[in-house]
2 protein chains.
Amino acid sequence: MSTGNGDYKYPATGVECAHHVAVPPPQPFTKSLKTSLKETFFPDDPLRQFRNQPASRKFILGLQYLFPILEWGPRYSFQFLKADLISGITIASLAIPQGISYAKLANLPPILGLYSSFVPPLVYAMMGSSRDLAVGTVAVGSLLIASMLGSEVKANEHPQTYLHLAFLATFFAGVFQVSLGLLRLGFVVDFLSHATIVGFMGGAATVVCLQQLKGILGLDHFTHGTDIVSVMRSVFTQTHQWRWESGVLGCCFLFFLMLTKYFSKRRPKLFWVSAMAPLTSVILGSLLVYLTHAERHGVQVIGNLKKGLNPPSLSELPFGSPYLSTAIKIGIVTGIIALAEGIAVGRSFAMFKNYHIDGNKEMIAFGMMNIAGSCTSCYLTTGPFSRSAVNFNAGCKTAVSNIVMAMAVMITLLFLTPLFHYTPLVVLSSIIIAAMLGLIDYDAAIHLWKVDKFDFIVCMAAYIGVVFGSVEIGLVLAVAISLLRMVLFVARPRTMVLGNIPNSKIYRSVDQYPAASTVPGVLILEIDAPIYFANAGYLRERISRWIDEEEDKLKAAGESSLQYVILDMGAVGNIDTSGISMLEEVKKSMERSGLKLVLANPGGEVMKKMNKSKFIELLGQEWIYLTVGEAVGACNFMLHTCKPKAVTDDSTMV
Amino acid sequence: MSTGNGDYKYPATGVECAHHVAVPPPQPFTKSLKTSLKETFFPDDPLRQFRNQPASRKFILGLQYLFPILEWGPRYSFQFLKADLISGITIASLAIPQGISYAKLANLPPILGLYSSFVPPLVYAMMGSSRDLAVGTVAVGSLLIASMLGSEVKANEHPQTYLHLAFLATFFAGVFQVSLGLLRLGFVVDFLSHATIVGFMGGAATVVCLQQLKGILGLDHFTHGTDIVSVMRSVFTQTHQWRWESGVLGCCFLFFLMLTKYFSKRRPKLFWVSAMAPLTSVILGSLLVYLTHAERHGVQVIGNLKKGLNPPSLSELPFGSPYLSTAIKIGIVTGIIALAEGIAVGRSFAMFKNYHIDGNKEMIAFGMMNIAGSCTSCYLTTGPFSRSAVNFNAGCKTAVSNIVMAMAVMITLLFLTPLFHYTPLVVLSSIIIAAMLGLIDYDAAIHLWKVDKFDFIVCMAAYIGVVFGSVEIGLVLAVAISLLRMVLFVARPRTMVLGNIPNSKIYRSVDQYPAASTVPGVLILEIDAPIYFANAGYLRERISRWIDEEEDKLKAAGESSLQYVILDMGAVGNIDTSGISMLEEVKKSMERSGLKLVLANPGGEVMKKMNKSKFIELLGQEWIYLTVGEAVGACNFMLHTCKPKAVTDDSTMV
């Protein structure tokens with residue numbers, strides 16, 4: 001066997017072959033392990049900036065890494081402050097009514113929505129690296145708490161237990177988020193694909209809107225289920241309880257809110273119209289109730305809100321509760337959903353403004369914000385899309401806009417809570433519905449259908465699962481189908497017949513390039529995935545079927561039979577021991593039918609494994625070529641100079 | 001944008017470009033769905049032979065498909081019969097003592113081992129497609145039944161319930177196997193990789209050997225656990241109970257059996273020496289006990305075996321039992337393990353003799369054999385490796401050897417069972433240990449370590465899980481790690497910098513080919529896996545890091561800065577909508593830093609998706625090349641004829 005460096009010859013003929021397929025230089029095991037661990041957990045190489053720095057500088061860089069405010073704070077200017085002030089006040093006017101609405105959605109006291117817009121934004125402003133994210137509670141998180149916690153503890157029967165468990169779940173969500181960040185497991189979020197999120201968000205928005213029927217219709221009793229069947233049953237079994245006053249009011253405000261949205265969409269400069277609309281609705285609604293005393297005619301109002309800042313709640317975290325495991329489960333599910341939304345939103349705006357967001361660092365910031373929140377009477381917060389978009393449109397420059405919002409909320413908490421006494425619940429329902437309708441993204445679903453049917457299936461599974469089952473069912477379904485696709489990609493790799501592109505030495509799939517012509521006597525196959533245990537059996541069957549079909553075709557056409565099978569390994573990223581056994585079996589069974597196996601363009605990993613398992617010796621280094629073109633050249637040479645018999649003889653050479 | 005067929009020009013320059021990257025011709029959705037379903041479930045195209053045949057012929061082919069005996073039966077010759085007679089009697093002499101031993105291992109009445117070597121082989125002979133497989137009970141399956149069933153029902157306390165549940169589990173194993181075959185889910189077995197099976201079998205063999213310490217040491221009480229810790233504790237807490245007579249006898253027979261194995265291994269022609277050794281041991285041991293009355297001195301014997309053929313047990317299947325779910329679980333686990341062993345064994349021998357085995361058809365045969373078995377007092381059977389190897393070495397020609405074995409067992413059942421009365425249990429233990437030691441495959445484990453460290457980890461996880469935990473733990477651990485590897489392959493694809501192989505237009509990884517030289521001003525990256533949601537985020541980060549690193553390097557060397565980034569998409573088998581968004585983001589952020597994205601060699605699926613999502617329009621068809629060489633040519637041309645500025649201007653052209 002020749003072992004030269006690029007100047008060895010065609011077997012048994014002596015013609016020189018152009019290129020030699022190299023086995024990559026051997027690496028010690030520890031080094032390759034280190035490299036692959038680094039790529040898995042530190043793909044962004046976060047310690048890059050610390051390299052070659054003195055210790056004091058490293059300390060400052062470390063502090064700045066944990067608290068980005070230390071980095072941009074000193075450079076903060078009056079220009080920035082002006083912009084942040086405007087955007088901060090704008091988002092505060094959105095945050096107050098939304099906070100109250102979402103707290104109601106989570107079956108928590110409305111005041112918690114205000115508390116949650118005070119502490120967490122301050123924490124995020126110090127630790128977060130996004131300049132555009134506006135922190136607050138989200139509808140999906142609130143809904144999840146209501147449905148998951150509500151199935152264990154009824155909020156109206158044991159309000160205190162329910163409240164404390166909500167704090168505990170928030171605490172665990174924070175701990176989970178921080179751990180993900182510290183363990184560099186940020187990529188877990190990547191497993192929620194775009195399609196999953198579109199379907200999931202749409203489903204959650206639908207469910208949230210359905211829940212609002214309670215408020216709009218002024219119903220007293222309502223189902224605890226979130227699925228469409230229970231809700232519809234609940235609504236239509238008590239038609240006699242519907243309150244027309246409430247319904248009319250709700251529809252009017254919904255129309256007003258949608259109108260302002262429409263205007264803001266048509267003229268982006270009027271973003272503040274839709275941003276201010278919720279607060280306007282609340283003020284108008286409260287005034288209306290106050291003046292007409294509609295609360296005595298079936299229009300439910302918020303009632304008393306306690307004055308004062310967040311009371312501490314650390315001592316109220318019930319770690320000894322029998323529902324501890326439920327709280328942990330809710331914490332993990334809501335934590336990951338909150339992360340997915342927050343990080344996706346942060347990344348989108350960072351891309352617009354061309355700066356960089358470190359996913360793992362963001363997770364730590366989100367987690368710290370929720371841990372701090374759970375100790376100060378807040379529940380789950382993240383970076384909601386709607387509020388962040390308003391923040392961005394209002395021209396925020398840094399996270400100071402979050403601080404401004406927190407201050408505005410603080411003033412509200414200290415002095416203005418009595419003003420919300422007469423706010424009708426139906427206005428809050430309208431605000432939620434108006435926000436949710438924007439989350440149902442038909443266009444995205446249609447786009448998915450057009451581009452990738454499988455992604456569309458994933459999206460619909462998530463949607464249907466959430467709407468007809470529950471939020472968790474939808475999520476698990478979508479993630480399972482997405483993973484199944486990845487496993488199927490490996491388990492059923494595509495194999496393609498290659499042909500020669502006219503006037504070139506290039507070989508490509510004949511399906512993609514109908515003009516490509518096959519080479520007589522030679523079958524060229526490309527394998528499109530790593531060869532692993534999961535597909536080794538399939539590939540063996542499939543290759544033998546390709547050969548059978550090709551021979552049948554040749555026989556039918558009366559042409560000379562097949563002599564060589566070239567496997568293009570260019571797209572085979574890796575191979576395991578099952579894969580190598582498969583290649584050995586394929587080679588053996590081919591030899592038995594007088595065929596010769598030729599490999600083209602195996603990559604570094606594959607060459608390494610084939611070398612270590614002695615498959616290269618078994619096959620013969622002279623049957624491995626750098627390109628399909630060279631392999632075909634060698635085969636053609638053999639076909640035309642040697643008798644077919646020579647091929648079988650040749651195999652004894654190895 | 002040019003849309004020609006291979007004769008369009010370099011952008012803004014007018015130089016002709018050689019090849020055009022084609023979007024594959026569109027296919028209707030139903031057709032592509034049909035193709036992909038067919039590839040997933042019918043990769044072997046089982047209906048090929050039915051095509052273009054008259055109805056009567058189709059019926060005969062269908063019968064032959066279900067009962068392969070109808071196909072080879074008519075061609076059966078006297079020559080075959082002679083060979084099958086010899087091999088059938090040989091395996092019967094092995095089957096009888098092994099059957100009794102394994103039934104003891106499963107804590108079932110010993111006679112069941114003989115029953116299970118009578119009916120199932122007859123069923124398999126009619127329905128199976130392997131010519132070399134010898135049907136019988138297996139150690140691992142027996143152990144699984146003992147440990148899984150034993151943890152629910154104690155065999156010595158409720159022997160009747162235990163027995164009936166074993167039948168029920170066998171029934172469900174059969175139903176599960178048939179369903180897998182009918183649903184074309186044969187590929188489930190592929191998920192047990194070679195590495196998993198090596199580790200699992202080794203672990204199971206170790207556990208089985210440890211269990212035999214009971215028989216060898218003549219202990220009356222023994223742990224119900226299978227893990228090494230419980231067994232060792234059980235053995236060493238009752239050292240005063242050890243029986244030296246039993247121990248000496250056991251060691252002698254073990255030595256004898258190992259010696260015959262050694263001889264047979266050195267001289268394959270003497271295969272019958274080791275094949276006959278178990279029966280010889282049984283006869284010798286029985287004679288010894290009969291003559292010395294050792295059963296009165298602490299040597300336990302089998303005792304009475306009922307004469308007569310298998311009693312029917314259909315009416316004894318306890319479908320109403322409270323342990324129904326346990327039986328179903330045991331059925332599924334043992335069913336899949338039995339399939340994995342049986343199909344792997346069948347395939348190996350089929351490969352030797354160059355015939356074909358249909359996995360899905362085999363599953364149906366195995367399943368029918370177990371369903372029939374569960375109705376005739378048999379427990380789980382499959383094609384054990386040891387017995388099939390003896391069958392193969394004895395020169396069997398067809399499944400008739402199984403019929404001969406069944407006849408021999410039938411004669412034993414009818415007339416010879418009293419002869420086993422004095423057979424000492426310790427001989428059975430020696431037989432099991434001798435068989436098991438062959439299953440611990442050190443060489444394979446060392447081979448795994450050398451070739452693929454990850455496979456070695458999987459193998460060791462299975463081994464340690466089985467030995468220190470339980471059979472199920474080992475199995476789940478190994479399968480989970482194997483799947484994790486596949487997911488990691490997709491989640492963390494390798495990206496490689498390509499360089500030009502000297503004196504060619506070929507571009508390959510500079511890691512694999514250290515001689516390859518990079519092109520000034522151009523960074524060429526190859527992505528090694530499909531671009532899916534799970535890796536889109538990672539790839540975005542990694543590509544931007546490659547660019548940063550390259551620019552740092554160029555700056556340090558004082559060279560001109562980067563102008564083009566070429567992505568070689570040759571190994572990207574597929575892309576989803578998240579992947580396309582990623583490409584869009586990468587393009588945008590590159591443009592912001594004055595870089596131009598160029599794609600080389602995208603495959604059919606990728607072109608289709610990029611076309612549907614309008615990414616091709618966004619990028620410009622003129623920035624997609626058929627090979628990296630052509631892309632570099634175009635970039636070089638632009639670099640040397642146009643000013644760098646022209647590149648950024650160009651992007652407005654689209």
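**A close look at one helix**

Tutor: In α23(B), the buried residues are G604(B), E605(B), V606(B), M607(B), K608(B), K609(B) and M610(B). The model is predicted. A residue counts as buried here if 20 or more other C-beta atoms lie within 10 Å of its own.

Next, the cover. Both chains contribute to it. Chain A supplies α18 and β2 (507-509), among others. From chain B, the cover of the buried residues includes α22 (577-592) and α24 (615-619). After α23(B) comes K614(B), with a positive phi near 65°.

Now the contact between the chains. It joins 74 residues of chain A to 73 residues of chain B. On the chain A side, the elements giving two or more residues include α1 (29-41), α9 (194-217), α18 (442-451) and α23 (604-612) of chain A. That side of chain A divides into 33 nonpolar, 21 polar and 20 charged residues.

The largest nonpolar core has 403 residues, and I566(A) and I566(B) have the most contacts inside it. Helix α9(A) gives the most to this core, with 14 residues. Leaving out residues up to four places away in sequence, I566(A) touches V522(A), I524(A), V598(A), A600(A), V628(A), A631(A), V632(A) and C635(A). In soluble globular proteins, nonpolar side chains tend to be buried together.

Notes
Residues are numbered from 1 along each chain as its sequence is written. Chains are lettered from A and ligands numbered from 1 in the order in which they are written. This is a predicted model: local features need pLDDT of at least 70, side-chain atom pairs count only at pLDDT 80 or more; totals for chains, interfaces and linings use all residues. Two residues are in contact if their C-beta atoms, placed from the backbone, lie within 7 Å. Helices (H or I, at least four residues) and strands (E, at least two) are DSSP runs, numbered from the N terminus. Ala, Val, Leu, Ile, Met, Phe, Trp, Tyr, Cys and Pro count as nonpolar, Asp, Glu, Lys and Arg as charged, and the others, Gly among them, as polar. A nonpolar core is a set of buried Ala, Val, Leu, Ile, Met, Phe, Trp, Tyr and Cys residues joined through C-beta atoms within 7 Å. A residue is buried if 20 or more other C-beta atoms lie within 10 Å of its own, exposed if 12 or fewer, and partly exposed in between; C-beta atoms are placed from the backbone.
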